[in-house]
Amino acid sequence: MPDEVTLIGLDFGTTTSSAVVASARLTRSAATGRRDLTEVHERYRSDMVFTPLDENGRLDESRVAALLDGWLAAGAVDSAQVFGGGALLTGMTAQRENAAAIVRLVRERLGDALIATADDPRLESWLAFMGSCATLSRNHPRQPILNLDIGGGTTNFALGRDGQVQRTGCFYIGARHVRVVPGTYEIAALTKYAEAVLQYLKIDREVGDVLAPGEVDAMIDHSLALLEAAATGATQTFEHPVAQQHVQVPFVLAPSESDAAITFSGGVGELIYASIDGHPWPATTQFGDLGIDLARRIVESKVFAPHIRRLQPDSAGRATVYGLLRHTTEISGSTLFLPDSKILPLADLPIFGSWYRDSTEADLTSLIDLVRHSPRGGCVQVRLGTSDAAALRQFGTRLADALDQAAFPTDLPLVLLVRENLGKILGSYVTRWGALPLNLIVVDEVAERDAQFVQIGTPHSQVVPVSFYGLNEPGDARCTH
Amino acid sequence: MHSLTPLASIAVPDPRPPQDYTARCFDHEVAFHGLKRLLGAADFSKAGDRHAGLAAESETVRETARKILSGLTLQHLYDNPLTDDDGQVDSVMRVNYDIDREALSSVASMTVGELKDHLLRARGAEVARIGRGLTGVMAAALAKLCDVHDLILIARKISRPSKARTLLGTPGTLSSRLQPNHPTDDLRGVTLLCYWGLSLGSGDALIGMNPAIDTVENVSAVLRQLDKVRRHTGAPTQICVLSHIKTQLACLERGAPVEVMFQSLAGTENTNLREFDISIDVLDKGYRTMAERGPLHGVARQFMYFETGQGSEFTYGRHNGIDMTTTEALTYGLARRYDPFMVNNVTGFIGPETHLDSFEMILANLQDQFMGKLLGLPMGMAPCYTRHSNITLEGQQMATELLASAGANYYMDVSLNTDRMLAYFDTSAHDNQSLREVCGRLPAPEFLEWGLERGIFTRDETGAVVRGPHWGDPRQFCESEAEFQELLSATPAAYGFDTAGPRPSNAVTREMRLHQGVGREAIHAELDVERLRRTAPFRLIETAAATKDAHLGSPDLGSRLSAASREMLTPETAEVQVLVSDGLSAEAVHHNIPDLVPALLDGLEGRRKRPGVPLLARYGRVKLAERIAERLDASVVIHLIGERPGGDAQASRSLSAYLLYRLSHPAAQREAALFSGNASAAFEYTVISNIYAQGLPPAEAAAVIVEKVGQILEHKAAGNRLEALLK
């Protein structure tokens, strides 16, 4: 019988915060015996609430605690049942003190089951893609898909193929850089990005003024032009200083990817797809920002309009929180090398690089050295590309010799991550079948990810949850060969 | 609900000592000691009866037996109940005597031969009336005198309709039980197989799944999912999970929708009690509970479902010296007690030890259908086979054409003929529709109406029912393409949905048959000893099976050592021995051993378990390990053996590791006896299965085995007892 587990996604943004709680099953695959999360079923979705920040941007901890408790109670969450998911902190909540407070409040309630990530734009782009387009992309494996997750403060770009994200980027383009009094265009607040654009467009307006229709159009035109440029690979647009200012993480579309299908998610994405499904547009500036205006212009855009009806993503409005829920946590194989499960969970473990079948002794030694000087221990991804017993024995024996020679501390956690189903045999050879004392874990059947940190949760039905964060762009990774 | 006659009220004549039946056959006399031997010799020769020493050794002997049997009166058969090995009338035989005595008295003075002629001459209603007055032995005796035409002609006269939500078995209909079996009971895969079958017009008799895991929790979960599928699609049918009757009663107790109650039955009390864990009391309780509290109470006229099949009593060694056809008929006599909604047999399921080839399987199925319908049962048929018999898909298809002519109420729908859980091959929804078109049959009326509404069926310009525009499209029940793809990802052996007329398209068929071919080849391939010896220093031993055919036909031979090997093996000091044998797939050995055994030997050495020199046996069975443990005085034997190939080519290369623990310590033996309830338990087993590249890769399996062997030796236990200790 498949085991029931609970997944949680928490999204703390500058303006709003929300939670989703889902039940899922750890089901064993028919053909391979591998366990996977299936039948993810949303059982609670909170209202979007305003994030309790004071005028100085400081978090009101007691109100956050009350929010968390309310969500967990409403979602009937038993902390022992929580298998994974994530908490995403963006904007003001990602600032150091606020982030630390949220992480502490979450861990007090849920232990290390959830991974909390702050200001990790590549991860946010990845999550939005996975939350909205993963299935769509797998169903059209040859079609590159570019997802634009347009939120309040940023637009996260992610290009993927066959369910795998290949490239990400992030721009300070969003619905809430200009906040207005709902129902009007009277400016209530402006971000520094909005101020720069107003100045560039020579529109002399400040808080309390009402934007004229032409001025609204000009503001939206500017945002739209940047989105179109980024989505079509027109990189010269971003050479201008004002445009440059909007780039958080650059996104470059290769000429070979010009046939990518474009999808939208986030709050603006939800408005776009609601409109083409025949729903009327909400009333003017109903949400107190320019999101509705931006969505309308995207629907009319010559660049974007042809794409909108072509491929439609799932759960556009909540892509990131769905991504958090469903894709932050990966499942290991069920025959991992874990002599002592009591050392789990391991949180915030740095990933130092990768070893390959033909890594030299120097490659092995240099990463061993990095791990041994890390107080928490560390993780290395092993990319063998084979499950041939002779190759495993050879690599395992060489690594055992290198660890032995380096007098690797017997209690320092060393985690190896491998894609193939060979955790137990690799661990056995590396520890010389138990003769070499090491605090070694080999987690198998986990796809390689170019991330900076990993978290390994406690075992559940013979598998462990694995979460990555601090994503690097491919090529950034500090891999050694 | 009809009343159940108390067993004590069923009159059965006292058993008599076996008498000799003799006849002259031209120039010599042929004699049979006892009715059991006479009945056995009168049948077509089938593997199970040959192994049991019951089949006639020649056609002359068989025909002589038939001649003698033809001359016995029904009264004689009535007066001589067959007994169990202790000379007693068992409970199954007793229930067989719960008959319409008026009907019997009208034919009691007839000989079996005269009755056969009478049935051929009579109208259907008369045949049906007489059938209610016959015991299983009488029906079996008649079957043995019938050729193929006789079996079909008599069976097709009888209509045995039954009614739950749908009405089955009326003339002109052919229904099907949708069987969405899945290797891990993955509800996504189960759901897709249901959608697929329903879209092909199957499932009007039942959506009934055999669970991989027979627990109350799992069976309830599957029942709820099937109920969801039924409601979502709106298909008028009923649902069932074919678990043990006790599990289903517990599910019903918890409110799960047990709409139809299932149980496998056998034709001797010993088999039912000791192998199937059921008694008449348990079956009575199931029937009464369903009648009073079943979800279809008040809707369904019948609600019990039984599965049977020739040969189970023989394979368990509990056939009481009775042949396979007769024990099968006795099973029907038992099933009749509960006025079931459905009965079907799965003759062919066991393997070549009971039915060697297509011919034996086809004849046995025709006999079964004849006997079942005659005795009063709503018979569905599941002519089927496993890869290690000589039965082919074509042979099975011939059986279905003949059985449809004989008026089968329903067939199975196993998608693309390939059961994904039970590793056997049965009829498919495509077959059912083909047979409907060949024989001019329609689904059950309620289901037909639903199918017409959905466009699965339609009417042509003449008003005839034909396949509709949505026939064969499982996507019609999915809300999105994404949902369909998710379901598909959890469904093994789904080779395509394209069709050509009522058949799968050629491309789909070719893919399926190629996979099946790989499976068949894996069984018939011979072990390449030289190649294996290059991977490890194997010592070769022999089993008592001298040839592949002997090995496949007689499981017992592969469990024993040859005299020479017995001589060769003497006690050794090694606590652990490694044994490799082909079992039912030499290909599984060839593909996995080169990566598995070297790593396994490394691990055992590394963990200081010092194994003996590994052994290699051609034509081995699982229990060969017991003989090795005894001869070599080993505590643990790691037996790596090829599994029975199923429908998928990769899985045909699947190896299992049976880790045998010999209970040589008196304390361990006591604990094991207490745990299992078997006082003479001598061995325990832990099984690690699914070893192949896409399952548990062989090198990884080596480490898993080494770890498990360590636990077995440390805790002096294996199997469920070890797992209980580890918790």
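Into which domains is chain A divided? Chain A is divided into domain 1 (3–119), domain 2 (123–317) and domain 3 (332–471). The legends below walk through this predicted model view by view.

**Figure 1. Chain A and its domains.** Taken over C-alpha atoms, the centres of domain 1 of chain A and domain 3 of chain A are separated by 28 Å. Chain A has 13 helices and 20 strands, and along the principal axes its C-alpha atoms fill a box of roughly 75 × 50 × 40 Å. A compact globule with 481 residues would have a radius of gyration near 23 Å, and the 24 Å of chain A agrees with that. Of the 481 residues in chain A, buried ones make up 50%. If you look at contacts in chain A between residues at least 6 apart in sequence, 72% of them join residues at least 24 apart.

**Figure 2. Strand S16 of chain A and its two partners.** On one pairing, strand S15 (residues 346–356) of chain A is joined to S16(A) by five bridges, and the two run parallel. Within that pairing, A:Ile351 stands opposite A:Cys379 in S16(A). To get from S15(A) to S16(A), the chain passes through helix H11 (residues 361–372) of chain A, and this β-α-β crossover is right-handed.

**Figure 3. From S16 to S17 in chain A.** S16(A) is also joined by five bridges to strand S17 (residues 414–418) of chain A, and these two strands run parallel. A:Gly378 stands opposite A:Leu414 in S17(A). With H12(A) between the strand names in the list, S16(A), H12(A) and S17(A) make a right-handed β-α-β unit.

**Figure 4. Where chain A touches chain B.** The contact takes 27 residues from chain A and 34 residues from chain B. On the chain A side, the elements that give two or more residues are strand S2 (16–28), helix H3 (121–139), helix H12 (389–405) and helix H13 (423–430) of chain A. What is the make-up of the side of chain A that touches chain B, in nonpolar, polar and charged residues? Its residues divide into ten nonpolar, eleven polar and six charged.

**Figure 5. Chain B and its domains.** Chain B is divided into domain 1 (7–155), domain 2 (160–515) and domain 3 (526–726). The C-alpha centres of domain 1 of chain B and domain 3 of chain B lie 45 Å apart. The secondary structure of chain B comes to 31 helices and 22 strands. Its radius of gyration is 26 Å, close to the 27 Å given by the globule rule for 727 residues, so chain B is as compact as a globular protein of that length. The C-alpha trace of chain B spans about 75 × 70 × 50 Å along its principal axes, and 57% of its 727 residues count as buried.

**Figure 6. The surroundings of B:Leu488.** B:Leu488 sits in helix H22 (residues 481–489) of chain B. Is this residue buried or partly exposed? B:Leu488 counts as partly exposed, because it has 17 C-beta neighbours inside 10 Å. Leaving aside neighbours within four places in sequence, B:Leu488 is in contact with B:Leu192 and B:Ala494. The C-alpha atoms of B:Leu488 and B:Val190 are separated by 9.9 Å, although these residues are 298 residues apart along the chain.

Note on methods
Residues are numbered from 1 along each chain as its sequence is written. Chains are lettered from A and ligands numbered from 1 in the order in which they are written. This is a predicted model: local features need pLDDT of at least 70, side-chain atom pairs count only at pLDDT 80 or more; totals for chains, interfaces and linings use all residues. Helices (H or I, at least four residues) and strands (E, at least two) are DSSP runs, numbered from the N terminus. The radius of gyration is taken over C-alpha atoms; the globule rule is 2.2 Å times the number of residues to the power 0.38. A residue is buried if 20 or more other C-beta atoms lie within 10 Å of its own, exposed if 12 or fewer, and partly exposed in between; C-beta atoms are placed from the backbone. Two residues are in contact if their C-beta atoms, placed from the backbone, lie within 7 Å. Ala, Val, Leu, Ile, Met, Phe, Trp, Tyr, Cys and Pro count as nonpolar, Asp, Glu, Lys and Arg as charged, and the others, Gly among them, as polar. Domain bounds come from an automatic or database domain assignment. Two strands pair if DSSP finds at least two bridges between them. A crossover is right-handed if, with the strands pointing away from the viewer, the path from the first strand over the helix to the second runs clockwise.
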